[in-house]
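I opened this notebook to record what I looked up in a structure that was new to me. The entries follow the order of my reading.

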Amino acid sequence: METAPLRLKGFPRGAVAQAPFRELRREIEEFHAEYCYVLDNNEIEAWPQFFVEDAVYRITARENVEADLPVGLVYCEGLAMIKDRAFAIAHTAMFDPRYLQHMVSNIRVTAASASGEVSAEANYLVLQTLIDEDTRILQAGRYFDRFLRQAGRLLLKERHCVYDTLRIDNSLVYPV
Amino acid sequence: MDDATAGRAQVSAVAGSNRPPVGGFAWPEEGLTRIPDWVYTSQEIYEREVERIFHGRTWNYVGLEAEVPEPGDFKRSFVGPTPVIVSRDKAGALHVFENRCAHRGAEFCRHARGHAKEFVCPYHQWTYDLAGRLVGIPFRRGLNKEGGMPRDFEPAAHSPQALAVTTHRGVIFASFASDMESLEDYLTPDILKDFEATFDGRRLKLLGYYRNTQPANWKLYHENLKDPYHATLLHAYLVTFGLLVAGNKSAMIVDPKGRHGVMGSAKSEDRPRVDDASKREMRTYHENMKLNDPRILDYVKEFASPWSVTMMTIWPNLIVQRELNTLGTRQIVPHGPGEFTMIWTMFGYEGDDEAMTRHRLRQGNLMGPAGFLGLEDNEAMKFVQDGIRKSAEEKAGLLELGGREEVSSETLITEAAIRSMYRYWRDVMDL
């Protein structure tokens with residue numbers, strides 16, 4: 001009873017050979033390190049700086065991608081919505097204090113165009129620790145990313161966080 | 001000794017009640033303005049709830065017809081904690097039956113959704129048709145006249161338990177009771193009216209799922225949505241942007257038995273005028289909070305209802321969310337007194353254009369386990385269960401807002417609907 005390969009519409013599978021993308025891969029690895037640092041270091045209001053103006057940011061369960069269903073656990077269309085989420089988490093939302101650790105690995109560059117658009121995937125793991133509880137896996141999933149280059153920097157035009165951990169442990173507060 | 005039994009002896013019997021305390025549990029003498037901790041923590045109480053409520057005379061939500069539109073379509077679901085299969089047979093009829101093999105008890109259907117001609121238990125390939133009837137047993141007659149099942153074994157008599165099924169406007173319910181009243185009678189006119197405002201006859205279009213575990217008693221979820229008082233205080237989004245503010249036109253409707261409820265509210269056209277006294281009462285009121293993208297709060301009027309927001313609690317396992325234009329069902333799957341899984345099924349309507357679908361998806365950020373409101377509810381319910389679970393002695397929650405009555409009301413500053421629910425619950429539970 002196997003499950004289907006995970007493919008997101010509009011994102012190429014990519015070739016087996018990664019050598020031509022070696023330099024890009026290194027650059028994306030640096031991007032992930034900075035992105036995760038901001039989230040793990042509780043600098044949520046700096047999170048929007050990783051996106052372009054018309055970016056799409058979505059977190060969704062793998063079962064939705066498999067069934068081609070469009071819902072997002074988090075669904076932001078445009079930088080303004082991304083900023084509103086960051087502001088709400090930083091200033092208005094009520095939740096238990098928590099620490100997060102984002103781990104990103106297995107980066108694969110799946111396409112790169114002459115115009116500077118780069119598609120890539122990576123596996124991620126988010127560990128969450130509440131004050132009175134053991135550290136637990138909040139999410140295990142895969143990023144489907146589309147980067148653009150602006151002023152020499154890679155920025156996200158699209159990030160789809162597709163998680164295997166279908167049952168969320170109570171709530172998901174911070175972005176992935 | 002678990003938390004639940006620790007302080008039981010301190011609770012005296014109901015004054016003037018002819019109900020004897022059952023299993024050592026007795027309701028506090030103040031009546032329904034007190035909810036004793038054991039309601040949320042006792043394994044014994046939970047098991048009685050499964051027997052009398054989820055497996056009793058109730059209609060349990062199991063899914064939407066849009067999830068199983070074609071003959072042969074199926075989905076896994078639950079009635080209380082019990083796994084069931086919802087399937088559509090070749091003639092188009094819906095069936096709900098236990099997902100438990102007649103042979104060794106295996107939960108044989110393992111895929112969340114799919115399409116099948118029949119169901120085969122992977123262990124010994126016992127086979128069930130789309131109506132859940134046991135129709136195949138390999139080597140039933142043995143091999144070379146040896147082994148096999150006894151001659152008088154009748155497969156049909158050993159099919160998994162089939163449940164009663166009913167649908168209304170594309171929503172599927174099932175019951176372990178074979179002689180249930182119609183769903184319309186079960187809901188009663190006031191509740192049915194709002195049910196039909198959301199399920200207005202348009203065909204539903206699935207948008208997707210969220211699932212979360214909730215480390216809290218399942219009844220706390222009902223209570224949260226029968227508690228309009230919290231909505232005016234906990235949720236900055238509601239309060240600040242006028243979606244639900246003390247003073248908005250609103251109602252908390254309960255059915256005559258007290259088990260179902262509708263919390264309804266009409267969004268203010270403008271940012272609400274909040275006087276200084278009310279501002280001081282609401283710590284979550286943020287005068288200067290402005291959205292960069294206010295589309296999340298747009299309301300496209302599409303329902304024949306005075307309410308722009310309704311949260312409907314349908315006993316025992318369904319919540320219908322109509323928060324502006326973000327729509328969904330929430331199915332409670334209890335796992336014990338201290339935890340349940342919530343399955344959220346988000347939908348729109350056939351005929352929604354691309355812009356409307358995207359509006360629903362954007363607005364979806366309000367709800368769900370990562371929603372601006374949804375995550376706060378999940379956190380608050382966990383805090384309640386934590387407090388009760390860890391309490392050194394048995395105590396009771398205090399529910400005196402809105403007086404001591406148990407009626408529908410137009411004020412939001414009331415807990416009457418929670419008291420109504422417990423009046424019904426005590427009756428069914430014989431407590």
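The entries below concern the contact between the chains, then single elements and one residue.

**Conventions.** I worked from a predicted model, in which local features need pLDDT of at least 70 and side-chain atom pairs count only at pLDDT 80 or more, while totals for chains, interfaces and linings use all residues. Residues are numbered from 1 along each chain as its sequence is written, chains are lettered from A and ligands numbered from 1 in the order in which they are written, and side-chain values use heavy atoms, with hydrogens and water left out.

**Entry 1: the interface.** I looked up the contacts between the chains and found 43 residues of chain B in contact with 38 residues of chain A (contact means heavy atoms within 4.5 Å). The two chains bury about 3,600 Å² between them, 56% of it on carbon and sulfur atoms; buried area is the accessible area (1.4 Å probe) that two parts lose on being put together, summed over both.

I then noted 9 salt bridges between chain B and chain A, a salt bridge being a side-chain nitrogen of Lys or Arg within 4 Å of a carboxyl oxygen of Asp or Glu. One salt bridge joins the side chains of B:Arg295 and A:Glu77, at 3.8 Å from N to O.

Which elements of chain B give two or more residues to the side that touches chain A? I listed strand S12 (204–214), helix H8 (236–240), strand S18 (339–349), helix H10 (354–363) and helix H11 (374–390). Helices (H or I, at least four residues) and strands (E, at least two) are DSSP runs, numbered from the N terminus. S12(B) gives the most, with 9 residues.

S12(B) also pairs with strand S7 (residues 167–169) of chain A, in the parallel sense over 3 bridges; strands pair if DSSP finds at least two bridges between them. In S12(B), B:Thr213 is the bridge partner of A:Asp169.

**Entry 2: two helices of chain B.** I found helix H6 (residues 218–225) of chain B largely enclosed by the rest of the structure, because 8 of its 8 residues are buried (under 20% relative accessible area, with exposed over 50% and partly exposed in between; 1.4 Å probe, protein chains only). Among them are B:Trp218, B:Tyr221 and B:Glu223.

In helix H3 (residues 43–54) of chain B, the buried residues include B:Ile45, B:Tyr46 and B:Phe54. The buried residues of H3(B) pack against several elements of chain B, including H6 and helix H12 (416–429). B:Ser42 caps the N-terminal end of H3(B), with a side-chain oxygen 3.1 Å from the backbone nitrogen of B:Glu44.

**Entry 3: a hairpin in chain A.** Strand S3 (residues 98–112) and strand S4 (residues 118–130) of chain A pair in the antiparallel sense over 12 bridges. A:Tyr124 in S4(A) is the bridge partner of A:Val104. Between the strands lie 5 residues, and A:Gly116 takes a positive phi near 100° in this hairpin.

**Entry 4: A:Gln18.** Is A:Gln18 buried or exposed? I recorded A:Gln18 as buried, because its relative accessibility is 19%. A polar atom of its side chain lies 3.0 Å from the backbone oxygen of A:Val109.

Conventions:
A polar contact is a pair of N or O atoms within 3.5 Å; within protein, one must be able to donate a hydrogen and the other to accept it, and residues adjacent in sequence count only if both atoms are side-chain atoms.
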